[in-house]
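Thanks for coming. I will talk through some salt bridges and some strand pairing, and then stop.

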Amino acid sequence: MDSPTLAEKETPEGSSATMMDFTVEDCDNDSAICARLRQMQNFLSDATRKRNSMLETMSDAEKGSPAAKTLDDMARKYQQDMDIINQQVSELGDCPVVNCTVHCKNINRVNLKRSLTSESEEFPELTKTNNTSIKSNRRNDNGYSFPDKRHTARISVLTNDYDNLNDKIESSNKYATLNSEANDDGEPSQTQPPIKKPPPIMLKKQENFTAQLKNINENFGPVVAKSGGIFIKLYAKDPDEHMRLTRFLKEKEMQYYVIVPKWERPIKVVIRNLPRDTRPQEIKGFLEFYHDLKVDKVVQLTKLRTKRPLPLFQVTLPNEDKNKKIWNIDNVCYFKVEIQRFQRRTGALQCFNCNLHHHAAAACQLDPRCLKCGGPHSHVQCTERFETNTEGKIINPKCINCNETGHLASWRGCKKFPKIAVNNIRPIKPSRRVDPKFTYSAIARQNYDNENDDLPINDNESVDLRAPPEEVSVTVSPQKVDALKDILYVLDEFKRIFGKSDIHEIAKKLKTANNDLDRLQVLVKLLNLSV
């Protein structure tokens with residue numbers, strides 16, 4: 001026969017009602033609620049102690065034995081009773097008795113002053129006395145001494161309906177409307193990210209640029225235009241208008257180029273620590289198959305002058321979210337590698353199509369210009385023949401940007417090639433260590449009179465700054481004297497032989513010569529003329 005559970009036992013007051021049959025309506029006043037809470041607290045303490053005792057006994061008993069099973073069932077029943085009592089306690093809420101000695105702690109008591117009117121209603125015999133007698137004698141007939149008024153608390157309980165107390169609390173958060181998912185019209189709001197403003201379209205300026213802009217505003221729509229040298233900057237409001245405007249300019253066969261915005265530029269990385277003879281196609285296939293990346297191209301970097309292949313491979317990927325995980329890759333072609341950001345050479349970007357600057361050939365819609373001859377075609381399609389030297393370079397090239405001879409438009413020394421801005425920072429004089437031998441007057445005198453660079457060694461010495469500097473003797477070895485005499489002899493002979501020729505003309509022809517044999521021919525020719 002199973003033993004009765006804790007909730008089925010008789011209450012301490014001797015009533016036959018069980019704890020399971022209790023409801024909140026049974027407590028009709030604050031004192032009954034407080035007594036019921038105390039009773040439940042005692043039951044919970046007793047049940048917790050007995051359940052813990054049974055669990056300790058069950059741990060010592062043999063596992064699977066009848067005694068262990070009985071103890072486990074009793075512990076479960078105690079736990080069920082504790083859950084039911086906890087639910088009933090939550091339904092009752094906090095103790096409504098002000099400053100209850102059982103349920104209220106000292107830190108939670110509200111020490112407010114109690115008014116004299118509430119005290120006189122509870123004890124009418126005190127109202128017959130004056131204020132002086134109340135302060136001096138606060139004892140009633142039973143010998144109870146009332147506390148001082150400033151040491152008593154005022155009853156601040158406004159309602160006993162604790163079940164619906166939270167329903168009557170209204171939030172006054174002034175930012176609550178920010179979380180609303182509806183607009184003023186009642187429709188669900190669709191939060192859109194901020195629109196990224198595209199860069200301007202660089203339209204090549206024609207002679208009658210006013211008619212050019214009039215054609216765009218009448219046939220396409222109003223467009224904001226600003227002057228930009230030989231180009232006109234056209235600004236679009238959003239990417240959609242930017243795309244429609246470029247399509248319109250292309251249909252009208254107008255020359256322009258576009259600056260690709262940063263959020264649309266491809267991802268370019270450099271893979272290090274791979275063997276020099278790795279094929280780019282193998283790297284591309286490995287990234288696409290094993291790492292699930294979308295790769296546009298893979299090229300091997302080379303030396304600028306010698307064109308020697310380097311163990312560096314440049315990978316170009318579309319600017320997509322799934323391709324951004326390439327920064328976390330450390331294994332390519334089964335080699336441990338290092339991924340770095342591609343850094344191009346410093347300087348302005350030059351287009352391979354029109355050979356102008358600040359844009360790439362992929363976004364250029366200008367007429368092509370040959371780098372070698374300046375014709376309306378690419379330098380790869382150029383059929384004109386040029387005289388070249390032993391290194392394969394054109395002997396006397398002409399720049400198509402500045403129209404000067406001696407260099408191509410790709411030469412960074414060209415006056416039309418954009419220069420990198422350098423901050424003009426004033427040089428800071430190096431600080432000099434403090435020397436106690438130098439006085440402030442000596443330093444000031446040196447700055448005032450720069451004729452003498454010597455400073456006094458100490459305060460006791462006096463130097464005449466207006467005196468001429470002393471002669472310094474320099475010892476030169478005989479070998480250096482003989483070498484200097486030989487140099488002077490050669491210069492005298494050169495002056496005697498080429499005295500009638502122009503030295504500037506000789507230097508100019510020697511600079512344009514390609515090798516030593518040409519330079520020797522130049523000298524022999526001038527020698528014959530001088531003789």
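A word on exposure before anything else: a residue is called exposed when its relative accessible area is over 50%, buried when it is under 20%, and partly exposed in between. By that cut-off D516, at 61% relative accessibility, counts as exposed. Please keep in mind that this is a predicted model.

D516 has a salt-bridge partner, R519, and the closest N and O atoms of the two are 2.9 Å apart. R519 is partly exposed, with a relative accessible area of 30%. Both residues sit in helix α11, which covers residues 516-530. They are 3 residues apart there, so about one helical turn separates them.

How many salt bridges are there by this rule? The count comes to 9. I will take two others from that set.

One is in helix α1, residues 30-60, where R49 and D46 are 3 residues apart, again about one helical turn. Their closest N and O atoms are 2.6 Å apart, and the two form a salt bridge. Is R49 buried or exposed? R49 is exposed, at a relative accessible area of 54%. D46 is partly exposed, with 23% relative accessibility. This pair also belongs to a network of salt bridges that links D46, R49 and K50.

The other is between the side chains of E404 and K415, with an N to O distance of 3.2 Å. E404 is partly exposed at 35% relative accessibility, while K415 is exposed, with a relative accessible area of 57%.

Now the strands. Which strands pair with β7? Strand β5, residues 267-272, pairs with β7, residues 309-317, in the antiparallel sense over 5 bridges. Within that pairing, I267 has L317 of β7 as its bridge partner. Strand β6, residues 297-302, also pairs with β7 in the antiparallel sense, over 5 bridges. There, V299 is bridged to Q314 of β7.

β6 and β7 form a hairpin with 6 residues between the strands. In that hairpin K307 takes a positive phi near 60°.

As a general point for anyone looking at the strands on screen, side chains in a regular strand alternate between the two faces of the sheet. That is the end of my part.

Note on methods. Residues are numbered from 1 along each chain as its sequence is written. This is a predicted model: local features need pLDDT of at least 70, side-chain atom pairs count only at pLDDT 80 or more; totals for chains, interfaces and linings use all residues. Side-chain values use heavy atoms; hydrogens and water are left out. A salt bridge is a side-chain nitrogen of Lys or Arg within 4 Å of a carboxyl oxygen of Asp or Glu. Helices (H or I, at least four residues) and strands (E, at least two) are DSSP runs, numbered from the N terminus. Buried means under 20% relative accessible area, exposed over 50%, partly exposed in between (1.4 Å probe, protein chains only). Two strands pair if DSSP finds at least two bridges between them.
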